[in-house]
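Good morning, and thank you for coming.

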Amino acid sequence: MSRYAPREWAEHERPKLPGSPSTPLHTPRRRVAFAVVGFIVAITGGLGNALVTANLLNLQGALGATSAEVQWLPAAYVMTNVSVNLILVKFRQQFGLRAFTEVFLGLYALVAFAHLFVHGLESAIAVRAAHGIAGAALSTLGLYYMMQAFSAEHRLRGLVVGIGVAQLATPLARIFSAELLEFGEWRGLYLFELGLALIALAGVLMLRLPPSDRMKVFEKTDFLTFALFAPGMALLCAVLSLGRIDWWFDAEWIGWALAGAIVLLTSAIAVEHFRANPLINTRWLASGTMVRLGVSVLLIRFALSEQSTGAVGFMQALGLTNDQMHGMFAMVALGCALGIVASALTLVPGRMIVPSSIALACIAIGALLDAHSTNQTRPQDMMLSQFLIGFGSTYFLGPAMILGMGQVIAQPRNLITFVVLFGMAQNLGGLVGTAALGTFQTAREKYHSSQLVEHLTLQDPLVAARVQAGAAAYAPIVADPATRNALGMRALGTAASREANVLAYNDVFMLIAAIALLTMVWMLIHRLRLLKRDRALARAASSPAPLPTPAP
């Protein structure tokens, strides 16, 4: 019997999509075991990148890198993670779930182990790139395990939970990573990650996913597409990740990378457009439904950059570290968890407008609350706003994916196209948000700084008094009056720079609120247009046909 021959399935066991596991009946005890393993696998995959992103400053010192160089660590992860699903989906379909599980989870554990032997920035970047490949596989694996934990009528809720669990990794990483650094410096992070990877590997070896049909799906042209698409996306991600650090118009490599990305991605799309059996169905991808879904997810992920670029950046600009933000991120984690639960309980397949509107409203309210920050604002003052944004970040994800999956179930050959679209909208939305908001914050800081400094003159009695007060603080340790005066001037300049940053971040928060509200209005207008069209069609269908005019 051929390994690619279809199996005989009971109706309730048949896999919904090629490469996905079958769905046999499980005992309650076995369902709990699937949920536990799914949670461990999903958190393991999410923490791989979150631990690095949350501790870049510590890794910068350990690796002896500059602030620009260390940004290549999270960039390298996204550069490989964003496009690897082109191959992973077909790998599952052709080689089976067992090989997929053991190969990529084993690779993940091996990469985590390799982290312990990293001694320089170059090797660290290479390891992070490999981690991006393995992390993409773990995201899918955790999703499959979580879906097995739910009965047939609630399986979509399992999908929502599986997607949302990985989002808990970022706030959790900021809560406990400081203790890991105290334990073993930067290797403490990697030891923890290795331990999680080994626990996840043991779990999936003890509790295997149900089998699926296997089919021979790889074609030679697939590898040509991947050879064009993957480096093109990697170059684009590098530009978005490092553009605001090296600055867009100052670094020559940014222009060359962007040009290379355009050529490679255009070539990949051209190859796929004329294939009989494409990896990426460009015609389906360009349909109105999929374009709106991709743009919606991208815009929401853009707005969610309020948390990583806005709130965290604001606190770091005031000199605070992760240790001082534990309470705030505990509220973010709580918001994410409640968002997962609420999304699963209120799920209505095929309707994304309600969860998306609620998520965008939460983001807009949270950003508006943060937009009145001052230099006295501390993490406890942002707990409510960050709770709302954490809730919104997980509340919309599941329904958005289910809306696209509904299209895929009707046309299974578009599975890879949808996975790539959803992953790109997620990853690129975050990168574009970080790049755009970071650039906007820098520009606004320069503007506010120029406005503030313009009015700082020693002819103003208040300014002169402030300089004298700053100089007096150095009187016990600096004897020279001229030096004390210079130090007083520098202290005033530092205070002006801090205030300019505060004002710039308030502008960022206002911009995010505006983007969230405009996105919500756009989605509601489109929904109203659809309702109007449906009513018109219903009236046309129910109205009686006109009687024929009798002949004279």
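Let us begin with N506, which lies in helix 20, spanning residues 481–542. Helices here are DSSP runs of H or I with at least four residues, strands are runs of E with at least two, and both are numbered from the N terminus. This is a predicted model, in which local features need pLDDT of at least 70 and side-chain atom pairs count only at pLDDT 80 or more, while totals for chains, interfaces and linings use all residues. Residues are numbered from 1 along each chain as its sequence is written, and side-chain values use heavy atoms, with hydrogens and water left out.

Is N506 buried or exposed? N506 counts as buried because its relative accessibility is 11%. Buried means under 20% relative accessible area, exposed means over 50%, and partly exposed lies in between, using a 1.4 Å probe and protein chains only. The side chain of N506 reaches the backbone oxygen of S373 at 3.0 Å. A polar contact is a pair of N or O atoms within 3.5 Å; within protein, one must be able to donate a hydrogen and the other to accept it, and residues adjacent in sequence count only if both atoms are side-chain atoms. Apart from neighbours within four places in sequence, N506 is in contact, that is, with heavy atoms within 4.5 Å, with D370, A371, H372 and S373.

N81 lies in helix 4, residues 72–81, and N81 is buried because its relative accessible area is 12%. Which backbone oxygen lies 3.0 Å from a polar atom of the side chain of N81? It is the backbone oxygen of G132. Not counting residues up to four places away in sequence, N81 touches G132, G135, A136 and N427.

G135 and N81 are 54 residues apart along the chain, yet their C-alpha atoms are separated by 7.1 Å. With neighbours within four places in sequence set aside, G135 is in contact with Y77, N81 and Y108.

L51 sits in helix 1, residues 28–54, and counts as buried because its relative accessibility is 1%. L51 and F192 are 141 residues apart in sequence and 9.9 Å apart in space, C-alpha to C-alpha. Beyond its neighbours within four places in sequence, L51 is in contact with A173, F176, S177, L180, L189 and F192.

For the protein as a whole, there are 20 helices and zero strands. Of its 552 residues, 51% count as buried. Among contacts with a separation of 6 or more, 83% come from residues 24 or more positions apart.

I turn now to the aromatic rings. How many aromatic pairs does a search of the whole structure find? It finds six. Rings of Phe, Tyr and Trp (its six-membered ring) pair if their centres lie within 6.5 Å; planes under 30 degrees apart count as stacked, over 60 as edge-to-face and the rest as tilted. One of the pairs, F91 and F104, is edge-to-face, at 5.3 Å centre to centre and 85° between the planes. In F391 and Y395 the ring centres are 5.3 Å apart and the planes are at 20°, so this pair is stacked. F391 and Y395 are separated by about one helical turn because they are four residues apart in helix 16, residues 383–395. Y395 is buried, with a relative accessible area of 7%, and F391 counts as buried at 18% relative accessibility. Elsewhere, ring pairs link F314, Y505 and F509 into a cluster.

One backbone feature deserves mention. W247 is found in the loop between helix 9 (220–246) and helix 10 (252–273). Phi of W247 is near 70°, a positive value in a residue other than glycine. W247 counts as partly exposed because its relative accessibility is 26%.

I close with the surface. The protein exposes about 25600 Å², of which carbon and sulfur atoms supply 66%; accessible areas come from the Shrake-Rupley method with a 1.4 Å probe, and for residues only the protein chains shown count as cover. F113, in helix 5 (residues 85–115), is partly exposed, with a relative accessible area of 41%.
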